[in-house]
Structure formats: C-alpha cells, structure tokens
Amino acid sequence: MIVDDQSEIIEALRNPRIYPVGWHVREVEMRQSHIAVLFLAGDYAFKLKRAVLTPEIDFSTPQKRRIACVREMRRSTVYAPHLVRGVKSVRRLPNGRITIGGKAGVEIDTVLVMRRLKDEDILEKQVPSPAFDRFEVMDLAEQLGDLHCKAKMFRTKWNFEDIQKVIAENESVLSCFCPDIFNRRKLRTLTQKSLSLLTHNARLIALRQKSGHIRKCHGDLLLSNIAREGNKYLFFSPIEYNDALDCIDTLYDLSYLLMDMEVHGIRRLSNILFNHYLAYTNDMTGYPLLPLYQSMRAATRAGVCAKKSALLSGKEKEQSIADARKYFDLACHFLIGNKPVLIACGGLSGSGKSRIAREIGGKLNPAPGAVILRDDIVKKQMRGCALDRHTEEIPDSPAYEKVVYDLLRQQARTALTIGSCVIVEALFYNQAEREAIEALAKEMRIPFVGIWVDAPLDVRTKRVMTRKRNPSDVHNRAELEKQLLLDTGTITWEQINSDGPREATIGATVQVLRRHGVDVCD
C-alpha cells in the first residue's frame, strides 16, 4: 500500500538536468518494482524506495526510507563490494526546485547511489547463453557457499512458526488478487500442502536451526540481482527491510535462485548449481526441504508480480499478470508428488560416467533435477579436502570402501524418501556394491536403472589428463592401467560406450532410461 505521493520526486529524477554537470547525464532510464524505482543516469544508478506500508515493509516516511537506504548500503559491502557509492539526499530548494545532494533546502527523500552495471553483465541477460555455462555456475555456487559460510549465524530465528508465517503471508497477499489473477481453490490447496509439508519436516527444521544453517543471507537471490564481472559475482539489492526475510536457512536463500533458473528454462544449469553447492558446502541434510522452499519462493514471487501489475497499465500490466500466474502455477507444481527413480552409474575412471550423470541430472523431475551423489566427493568430504584439490592416493581398503558406499546409500535413501530422483555415480567395480545399490531400490519399491559406462584406455587417459575441477584423484595412465586389474565380476547393468560424440552418448543414455520407464525431459 502506497501511503505518500512521490510523483513529483519521481518526475524530477527522470530529468537529466537534476544531476550534477560533472556526471555527464544526457538521458535517464527509469525501471520500477512495487517497492523501488531505479533511475539509470550516466555511469550511475539511483534507487528510490517507494513510500509503501505492508506487513513486511515500512517505508512510510522519508526518515524510514533513509534508514533503509543506509542499511542496503552497508549490506551491499558484503555482497557487492565497490558497487554502492553512497546515500544522497533528495532536497527541495527555496525556489521549489528539486535537486540531489548538497545542503541547501529541505530534505524530502533519499536515494541510494550505485555504480551502473552493464545490462549484459546481469545474469538474467546472460541466460541462456554460452557465456554462462558449467564452470561459471560452479564459480557461482562456490562464491555463494563462501558467503553463506561466513555469514552471521542465528540459533533462534527461522523456526517452524517463522516459516508458517511466510506461508500465511503468501496466502494473504495472493488472496487479494482472487479471482482476477489467481484461482482461490488452487490457492487453498497450495497453502494446505505447504503446511502439511512443513509439519512433516518440523524435526528437520529444528535440526537445521541447531546445527548452524540459519544465517544472515541475501534474501532476494534472483538472476536479475546478480551480476558477473570477470570471474567475480556481485549479489546486489539484498533484503534490508525485514530481518524475518533474510535471517533464514541458507538453503531457502539458494532456493530462490534455483526457482528463478527454472522459470528461465535453464534446468541443466540449476541442477549443476544445486549439486555443486551441496558438495562444496558439504550440506547434505537440508534438501528434503527444497520442494517446500522453492514453492514458497515461487508463491512470494507471484505476489510481487501481482502487486507490480497494480502500478502498471497496457501491455506492461498484462505481462506482469502473466508472470504472476506463471509463478503461481510453478508454486503449485513444486508440491506435486513425484515418483522417484534410482540410477546407478558405474565405470572405471575416465569412462564418462560423470558427464552422463551431469547431463542427465537436469532432465529428471522434480526441479532442480536429480540429486547426484559421487564416491569421489564423499571421499574428499571425509578427508576434509577441497573438492578439486589433488591429494596423495590413500589405499582404499575394503573397510574404507564400505564406509564410502554405505554413506552413498544412506544419502540416496534420504533423497529418494522425499521423491527426488537420485543418480549415484561411483566406480562400482565390486559386484557386491552393485547388488547392494540395487537392493536399496527393491527395498524402497522404486524403479532402478544400472548403467555401466566404458571407453577405450586411450580415450580415458586423455580425459583424466585434461579434465578440470574434478574431485577424482586419478590423473595419469598408470593409475588407469592399475584399475584394469580390478575384478569387476559379471556386469549385468546396461552398458554404454562413451567414446563417440557427447550428444550420441547422452542420447543413448536417454533411450536406456526411457526403455526402463523413466520420464526424461527433452
């Protein structure tokens, strides 16, 4: 709800002549949301908080808007260093003219001044694009993981009641637009399913809280709020107006980005981001909450778009309403029960099993795709090593191997229980371990597909010697030749030769999965 008329200020900020001569502003581009108006002027961007008053936001007075600008400036030093240039007063001079900065006249509002980012540097403008692919996504996952690990921890926030409140607030906002934009019956079902899933995961939520996963997060991780400059990411426009929206589970912070990537049709990349983030942070406990978290995020976004539509007209209004409905449908979709499947992908080092797992993971439902579990990652986590750090070979005794495969099955069981598809990628040279992973699927009464990947030694050698950022410690031909002595027993799994073109290998894998009744997206 807008409680103060800022139309005169907005009109003044659209005028290039209001800006100092030395800033060389010739034209001003205005962009707006339901809580802010952005003025792109020359090399700078000026952000004006709207005079809104809602249950979550209070920007109702000039003083409160100034405080919000200062808070965002301070928070941005963490997520986007060197982006924010300061806070400036919007002042009315004695002659009635409105200006920015200085000491003359009366302060009537405040703007946050930022360095203007190039549109092409914003991730929303880079997808889908070859400029934003696997390694860039891995960089993004690691930088976000580092920020989460360094963020302030809270032991009392983001409890059951806090999440319940978000669900209730989403319903309250969306109900204001029923039946014009949303279907009231579907909204009621969405709320009921959300509350049911919340109750089912009450113990896990309490465990996440006690184990330090509630942190001071960005809170608004959309592709439109992330820029890439070189190999560094800037996470700008963090939530600054409500602690309840940014003192949250780190996975809830991540879920906003995953949800937005799903909307933009880049499931492959969101699956890579999701799995690399979990592996990099060694945070494997929270993913049962992901369907709920993504649904809550999509519902929130639906409300944002609906509220924004009330400020627009014509085609812009129609587009905002269409976006609102798209997010609402996605919120409902995240809570649809899915039939899980367990896929085991085995083969000697360099055979191509990691590539298959990576490329197939995003083709499986529900979003963001399959949980991918790797023996090499488990070993690095057990040793406390960075994922891509080469370590001296440790003799893998039968006891050590048993611990690794037991942990893989344990993690697979957890993900399968909540309806996720799971790909377990490991050597699986031991017939007993292949039988054990099959037995897990039988016990849980879910479909199982075993895939054995192979390629000639020369092909595998070239791969292991040229691959990048891979957790495997196998890096030379001698180690590969050593694996040839392993007794693999009788291979009964589907066999795929991966020495051909990548597209052919992935296509053959998709055919195998579909032959076993697995629903694979194109």
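This is a predicted model: local features need pLDDT of at least 70, side-chain atom pairs count only at pLDDT 80 or more; totals for chains, interfaces and linings use all residues.
Residues are numbered from 1 along each chain as its sequence is written, and side-chain values rest on heavy atoms, with hydrogens and water left out.

Helices (H or I, at least four residues) and strands (E, at least two) are DSSP runs numbered from the N terminus. Buried residues (under 20% relative accessible area; exposed is over 50% and partly exposed in between, with a 1.4 Å probe and protein chains only) in α4 include Arg134, Val137, Met138, Leu140 and Ala141. Glu142, Gln143, Leu144, Gly145, Leu147 and His148 of α4 are also buried.

Two packed helices are described by the angle between their axes and the distance between the axes. For α14 (residues 398–417) and α15 (residues 431–444), the angle is about 20° and the axes lie 11 Å apart. The axes are lines fitted to C-alpha atoms, for helices over the stretch in contact, and angles run from 0 to 180 degrees between N-to-C directions. Helix α14 is therefore roughly parallel to α15, a class for angles under 35 degrees. The contact (heavy atoms within 4.5 Å) involves Lys402, Tyr405, Arg409, Ala412, Arg413, Leu416 and Thr417 of α14, together with Glu433, Ala436, Ile437, Leu440, Glu443 and Met444 of α15.

Most residues other than glycine have a negative phi, and most peptide bonds are trans. The peptide bond from Cys178 to Pro179 is cis, with omega near 0°, and Pro179 is located in the loop between α5 (160–175) and α6 (184–200). A cis bond also joins Ala367 to Pro368, with omega near 10°; Pro368 belongs to the loop between α12 (353–361) and β12 (371–374).

Positive phi values occur at His82, near 70°, and at Phe428, about 50°. His82 is placed in the loop between α2 (62–79) and β4 (84–92) and counts as exposed because its relative accessibility is 68%. Phe428, in the loop between β13 (422–426) and α15, is buried, with a relative accessible area of 1%.

Note on methods: Angles under 35 degrees count as roughly parallel, over 145 as roughly antiparallel, 65 to 115 as roughly perpendicular and the rest as oblique.
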